[in-house]
Number of protein chains: 2
Amino acid sequence: MGNDRRSVLGRALLILGTVKDAGGGLLLSDISRRCGLPLTTTHRIVSDLAGWGALERDGAGRYQIGLRLWELASVTPRSVGLRRVAFPFMQDLFETTHRGVHLAIREKDQVVFVERFLSPETATDRTQVGARYELHATAIGLVLLAHAPFELQEEVLTGPLAVPSWHPPVTERELRATLAHIRRSGHAVTPIRDEYLGVAAPVYGTAGTVIAALSLILPISEQYGPRLAHLQATVRGIARALGGGAGLAAGLAAGLAAGF
Amino acid sequence: MGNDRRSVLGRALLILGTVKDAGGGLLLSDISRRCGLPLTTTHRIVSDLAGWGALERDGAGRYQIGLRLWELASVTPRSVGLRRVAFPFMQDLFETTHRGVHLAIREKDQVVFVERFLSPETATDRTQVGARYELHATAIGLVLLAHAPFELQEEVLTGPLAVPSWHPPVTERELRATLAHIRRSGHAVTPIRDEYLGVAAPVYGTAGTVIAALSLILPISEQYGPRLAHLQATVRGIARALGGGAGLAAGLAAGLAAGF
């Protein structure tokens, strides 16, 4: 009974994840096949999810993530709560620099992008809000990794260290030196495809822990010193706004209660 | 069996909705009480949801909406897909006017706000992204109502027409005249608390249907003519961007497939 109940919910979450990953919407038969679930079971769960608004059926009969799920997610503290506080600071940085600005958090051993402002000139920039990336291949991920718990750093450092095709190979030794340098200097700088430079800095919560990172994407020819100073001022502003009153947790909770 | 399966999923969705509405996070016992579910049942479902990442438990033992749900919702076509296309246009409008800019869609008989830029000067502005409001009390809602299907308009027109406390009463007759004027003129203008003016215009999809509305919040003393012209140019820009190629549905689908 307990198992059966769990499996209905597990199947519903599997279906939602499958529809999300598909991107462009899935027919009922596609969902059934991709999830490895019988068509009748799939139909029953999908109907319930659609009835509630977690899935929506488009004109072509394809199911997509529904508005109701988005409404639920609009109060997620770790992403939306952070975004609400950081947004005006990111906007100021973007308006002043007109360079790509990214806000990301760490979820286990991956980077999750929470918000971005894209520069018109750096449109090859491929980060997707709500998508996950490796920690060790970008400036923003390296900042998050440099401040991650020790066990997690060791796990990544001694793991396979896969990199994108345009990225030079990374060795454990180099990565250790890079992380130490990031902790000392307070920022990370990495080239992207010989065209751009990613410059990233940590966002501190009130407990002195790093809760997010912010990055600027610059043309590689540009002097990054003045931009870095601006970035550092921005992350300090965000940290101050997060820490107002009784700290991050209370601040985010209060923000949510007040309507973020 | 079928009923039981449905009810597990139904209970999970009830729990998620309850945690969302609470805002600041709920203890297990709060969830149990608010949902009217036994503590053991609540515990089992909450544990499953937390295991998957749809809920997260904070340091104080309170459950909040989890990052995984936000990641699922990051590909919702009707909100995030639209937002992706509209965002740069909204940003331009905000940078030029420095007035509040809101993007909303209609969900049945309510307005759902999808994105907003807040003006520093109009900070009393209470709209919440992901929250729902009545259609007939704001300029942006009136635009969406004026272009809603006939049956839905009649339903709202002949309904109770409740308004916020600061808003003068609305009669069916006045509302009919207002909606007709909005359709003729292509925009809506409404005062907000004798302090601001909401100016809104429809965003058209390729099928000639209104799929969203955009509004600007101005100080009531400001001439709204020039701002309205800018707003109208912005909604046309968004409509053009949505319609690129094979229309809105295909455009959003392609955008999602490519990583919005």
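# A tour of chains A and B

Begin by selecting A:Arg33 and A:Asp30, whose side chains meet in a salt bridge with 3.2 Å from N to O; the term salt bridge stands for a side-chain nitrogen of Lys or Arg within 4 Å of a carboxyl oxygen of Asp or Glu. The model on your screen is predicted, so that local features need pLDDT of at least 70 and side-chain atom pairs count only at pLDDT 80 or more, while totals for chains, interfaces and linings use all residues. Residues are numbered from 1 along each chain as its sequence is written, chains are lettered from A and ligands numbered from 1 in the order in which they are written, and side-chain values use heavy atoms, with hydrogens and water left out.

Stay with this pair and display helix α2 of chain A, residues 28-35, in which A:Arg33 and A:Asp30 are three residues apart and so are separated by about one helical turn. Helices here are DSSP runs of H or I with at least four residues, strands are runs of E with at least two, and both are numbered from the N terminus.

Next, select B:Arg176 and B:Glu172, which form a salt bridge with their closest N and O atoms 2.8 Å apart. Both lie in helix α8 of chain B, residues 172-185, and are four residues apart, about one turn of the helix. B:Arg176 is partly exposed, with a relative accessible area of 32%, and B:Glu172 is likewise partly exposed at 32%.

Now move to B:Arg99 and B:Glu222, a salt bridge whose closest N and O atoms are 2.6 Å apart. This pair links distant parts of the chain, 123 residues apart: B:Arg99 is in the loop between α5 (77-97) and β3 (100-107) of chain B, and B:Glu222 is in the loop between β8 (210-219) and α9 (225-243) of chain B. Both residues are buried.

Then colour the two chains separately and look at where they meet: 63 residues of chain A are in contact with 62 residues of chain B, contact meaning heavy atoms within 4.5 Å. The two chains bury about 5,500 Å² between them, 63% of it on carbon and sulfur atoms; buried area is the accessible area (1.4 Å probe) that two parts lose on being put together, summed over both.

How many salt bridges does the rule find across this interface? There are four, and one to select is that of B:Arg78 with A:Glu56, the closest N and O atoms being 2.9 Å apart. On the side of chain A that touches chain B, several elements each supply at least two residues, among them α1 (2-22), α5 (77-97) and α10 (247-257). The largest share, 12 residues, comes from α1(A).

How values were computed
Buried means under 20% relative accessible area, exposed over 50%, partly exposed in between (1.4 Å probe, protein chains only).
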